[in-house]
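Student: Can we go through this protein chain together? I'd like to look at how its parts meet.

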Amino acid sequence: MPFTLPPSLLESDEVALVLAFGKLSVLEACALFGRDIQRAEEPVERVSVLHVDHLAPRFLGELSGAHKCGPITEVVEQASSDQPKLVDLLSSHLDEKSNISLSGYGISEDDYEDLVRSMLDGLREKGLRKVRLLRPDGNELLSEQVLARESADVVAFPYHGGFALAPTAWVPDSAKMRQRGTRRPAPHPDIALSPRLARTLVNLAGLAPGQALLDPFCGAGTILVEALAKSLRCLGVDSRASRVQEARENLRWSIGGVTDMGYDIRKGDARDLQRMLRGTKVNGIVTEPLLLPRLDARPKTATAQAMVEEAARVYNDALASMAECIQPDGRIVVVVPAVQTMDGDEVTLTLDGRRVGLRLYQPGPVGFDYPVRLSFESTRWIRRAVYVFEPRS
Ligand SMILES: C[S@@+](CC[C@H](N)C(=O)[O-])C[C@H]1O[C@@H](n2cnc3c(N)ncnc32)[C@H](O)[C@@H]1O
């Protein structure tokens, strides 16, 4: 787990999280940290502030939908104000040769310049005259760059009428995850979601090592590869024999060529799971059922509605089938499409779990409106949104 500053810093009651997928990333954090999170604010689109009792640093290594995490050390009234607490904290962890950076989210160019100047002035007054300021493109040092340049990075964003300053204490080490997407034998970028999103969805299922996860529309197996990396037992189903073969190849490759260890991929229909599984129940289900036909342009609203209605038949039948084979304490995570139309509307495939004995999953006290929309990951005119269901007890 790459901590860029001591993990003890995260035992703070206000923690800033730079989000990879918007609201979905907040849902992931709440699923992992549960009742430790009392409230979540989103002062700007890319950042959430989690109000926490105690954020056990060991759970951070699990988070996949976050780029950076750090405690809010100071809220300054103006961008040009002194930053005594931040400077104190940084100067106790830096030396003359350190790199530093400020990553601004939702901040104007002028405010960004003022914040950088105040931080540098403060550090100089502390005797750190030669620290090197990295000036990132677009005023954001990406998490990989934070690691590669060994920079003490500070996240800054508008907050409660001023500016919050949160030194980045943790970033994910996503190199291995990226490789799992690009180097696998059957990459299938046309149908596959990114490993980072797949891992976030798997985290939403909240499973422990050794438990069984099913993807009944497994395609090339991206979700299952991430589940296997978390030591889950993987079951995959796809109606196309070629996909079954590809998922097997990708899974075998992901564990270094060992055959059939911890996974079982079968050809079958997601609408008939009970027969396929012979009544066995799984601990979690995570799936992205259908991509709608490839669109060259935004469709008319009526066209989008017709496409979504047709897909909804498969989704609803499959949801009923999934509800039959989930353990009473399991969760079902389903990605649905939200089509952007030429009329400026969004047509979203909606699911009603109550019909089949499911309710919407609400971790802790935050409260989420379903389907939870994803930011920053969409296929041209189709956005993704996510449902998480659990059986009604
Ligand atoms: C969007 S893709 C899944 C992609 C997958 N998440 C990945 O990253 O590789 C949907 C898959 O569902 C399969 N499929 C479509 N209808 C199905 C059905 N009724 N039962 C099982 N699989 C089905 C398709 O063959 C396709 O591979």
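Tutor: Let's take the domains, then the interface between them. Keep in mind that this is a predicted model.

Student: Which domains does the assignment give?

Tutor: Domain 1 covers 7–167, and domain 2 covers 175–391.

Student: What distance separates their centres?

Tutor: It is 32 Å, taken over C-alpha atoms.

Student: And how many residues of each domain are in contact with the other?

Tutor: On the domain 1 side, 27 residues. On the domain 2 side, 26.

Student: What area is buried between domain 1 and domain 2?

Tutor: About 2100 Å². Carbon and sulfur atoms give 66% of that area.

Student: Which residues of domain 1 lose the most area to domain 2?

Tutor: F21, L24 and L27. Together they make up 33% of what the domain 1 side buries.

Student: New topic: charges. How many salt bridges are counted between domain 1 and domain 2?

Tutor: The count is 1.

Student: Which side chains meet in a salt bridge, and at what N to O distance?

Tutor: K230 and E62, at 2.7 Å.

Student: How many residue pairs are in polar contact across the interface?

Tutor: The rule finds 7, with both residues at pLDDT 80 or more.

Student: Back to domain 1. Which elements each supply at least two residues of the side that touches domain 2?

Tutor: Helix α1 (23–33), plus strands β2 (37–44) and β4 (66–71). The largest share comes from α1, with 8 residues.

Student: How do the residues on that side divide into nonpolar, polar and charged?

Tutor: There are 13 nonpolar, 6 polar and 8 charged.

Key:
Residues numbered from 1 in each chain as written. Predicted model: local features only at pLDDT ≥ 70, side-chain atom pairs only at ≥ 80, totals over all residues. Heavy atoms only, no water. Domains from an automatic or database assignment. Contact = heavy atoms within 4.5 Å. Buried area = accessible area lost by both parts, 1.4 Å probe. Salt bridge = Lys/Arg side-chain N within 4 Å of Asp/Glu carboxyl O. Polar contact = N/O pair within 3.5 Å; in protein donor to acceptor, adjacent residues only side chain to side chain. Helix = DSSP H or I, 4+ residues; strand = E, 2+ residues; numbered from the N terminus. Nonpolar A, V, L, I, M, F, W, Y, C, P; charged D, E, K, R; others polar.
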